[in-house]
Amino acid sequence: MDLLKVNWGRRKHSLFYYLFLASKQLFPLDLYLFSPNPFRFDQPSSSSRLFDFGRMSQAGVDVPAKGGFSFDLCKRNDMLIQKGLKAPSFLKTGTTIVGLIFKDGVILGADTRATEGPIVADKNCEKIHYMAPNIYCCGAGTAADTEAVTGIFLSNIDMVSSQLRLHRYQTGRDSRVITALTLLKKHLFSYQGHVSAALVLGGVDITGPHLHTIYPHGSTDTLPFATMGSGSLAAMSVFEAKYKEGLTRDEGIKLVAEAICSGIFNDLGSGSNVDICVITKGHKEYLRNYMEPNPRTYVSSKGYSFTKKTEVLRTKITPLMERVEITEVGEAMEE
Amino acid sequence: MSIFEYNGSAVVAMVGKNCFAIASDRRLGVQLQTIATDFQRISKIHDRVFIALSGLATDVQTLYQRLVFRHKLYQLREERDMKPETFASLVSAILYEKRFGPYLCQPVIAGLGEDEKPFICTMDSIGAKELAKDFVVSGTASESLYGACEAMYKPDMEAEELFETISQALLSSVDRDCLSGWGGHVYVVTPTEIKERILKGRMD
């Protein structure tokens, strides 16, 4: 397991860095002990700090570890598992995600069900993520991983959407799909499949429309039509039967909707509604809930009425202050 | 037994008309033995944002302290309170940072955003956000809570009706779960006041 993803900050070339490279088979625990953590203030349990990189003056004031993963709870979690407690299960997006290339661009489609084991946790989640104005990405697998890998909420430069934006600012050009592809596959490969995100990446750039699939271990395929997720076989059967080159926009949307519906109705991990994203040169359309083939039909119009009210032991009412707007009136003071 | 079933918990949040309600049970146990019947799972971040954490109680308390700390830093820097959407992103980032050795708790966040529009969301233990427009649930009683809320929820309820609905959903769900219950703790927040109520439930 090659967990090299540690934030070394400015001290990239200390002697220890080379020692570390030499001993690549380290347990995550060792990684934790050796990694500099500027935010010691936050972790009273950090007793054995073998190496101090002299950045500790920032502790207590700055935001905790800038990016990357932190492994400090691994030891405790392993201890709990050894005592017989089962590890937690994560929110997965069982999913059917598809993409196809039509005459003028790319169409991406996804279902909207998120599952937690056998239970449907979210009946209408969004699986088509924004990467760049001309590139979108559908994600299947562990929901947190697909959101993080494609998202921008982590200020770490590792997250692809923010990296693409910075690249756009630097080069002054629109992003290319192949750039997003390379960034994603590098990130996923470096975690050796532990970041469990299977993606369908599609977009239109200066070189034309592109569609790629990316597997959790980092391998990629470039295809005219692609499906991923637990419903991929159901959707692929529709594509294999009905896909042809040079589809028009409406034919393409109809085919994608049909493929996702076959996933929704035949695969238990996919369900609810169909989301579609159409990307053409210079223009994109995100059709959220394009089709809703599973509306709720059993709602009682009377609603629920409770004859026996809940018994309340104590009530405490805290009035909230009015929100005060401060407006600057008058001129600023002169120096 | 799963790690989340070590302490037992039940948390639910619901959206009403310009208000929201967030409720939890009050039991703290060590597997099948009850240790406390007044455990605080819902915490106030600021007047308009509440977070309730279900799962391992030690992580609930640690994570709450970390989040309050981060919010206080934000208040000092920005001189204003965090919006609920921003707070949800913050929690998600803190949880994902520990992707390979996670905090063993699942938060439910509820708040009043811009224009007093209620916001609720829940996450799994590694920060996958799940925004909902009606209700979110978490904890060992989550499966019963899903069922009860699906049946009892109506959109655009006023504060009193919302309180009644969420209490009934919570109490009926925890009755079907051994590890949670022993009363209920409900906060109903409107733009003008926060009403905190302790419910009487079955003590078994």
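## A helix pair in chain A

In this predicted model, α5(A) and α6(A) are oblique to each other, a word kept for angles left over once those under 35 degrees (roughly parallel), over 145 (roughly antiparallel) and 65 to 115 (roughly perpendicular) are set aside. The axes of helix α5 (residues 160-171) of chain A and helix α6 (residues 177-190) of chain A cross at roughly 135 degrees and come within 10 Å, and the crossing of α5(A) and α6(A) is right-handed.

On the α5(A) side the contact (heavy atoms within 4.5 Å) is made by V160(A), Q163(A), L164(A) and H167(A), and on the α6(A) side by T179(A), A180(A), L183(A) and L184(A). Sorted by class, the contact of α5(A) with α6(A) has five nonpolar, three polar and no charged residues.

## The build of chain B

Chain B contains four helices and 12 strands, where helices are DSSP runs (H or I) of at least four residues and strands (E) of at least two. Its radius of gyration is 16 Å, close to the 17 Å that the globule rule gives for 204 residues, so chain B is as compact as a globular protein of that length; the rule is 2.2 Å times the number of residues to the power 0.38.

## Confidence

Chain B averages a pLDDT of 92, and 100% of the residues score at least 70, on a scale of the predictor's confidence that runs from 0 to 100. For the complex, the predictor gives an ipTM of 0.81 and a pTM of 0.79.

## Conventions

Residues are numbered from 1 along each chain as its sequence is written, and chains are lettered from A in the order in which they are written. Local features need pLDDT of at least 70 and side-chain atom pairs count only at pLDDT 80 or more, while totals for chains, interfaces and linings use all residues, and side-chain values use heavy atoms, leaving out hydrogens and water.

How values were computed
Axes fitted to C-alpha atoms, helices over the stretch in contact; angles between N-to-C directions. Left-handed = near helix turned anticlockwise from the far one by under 90°. Nonpolar A, V, L, I, M, F, W, Y, C, P; charged D, E, K, R; others polar.
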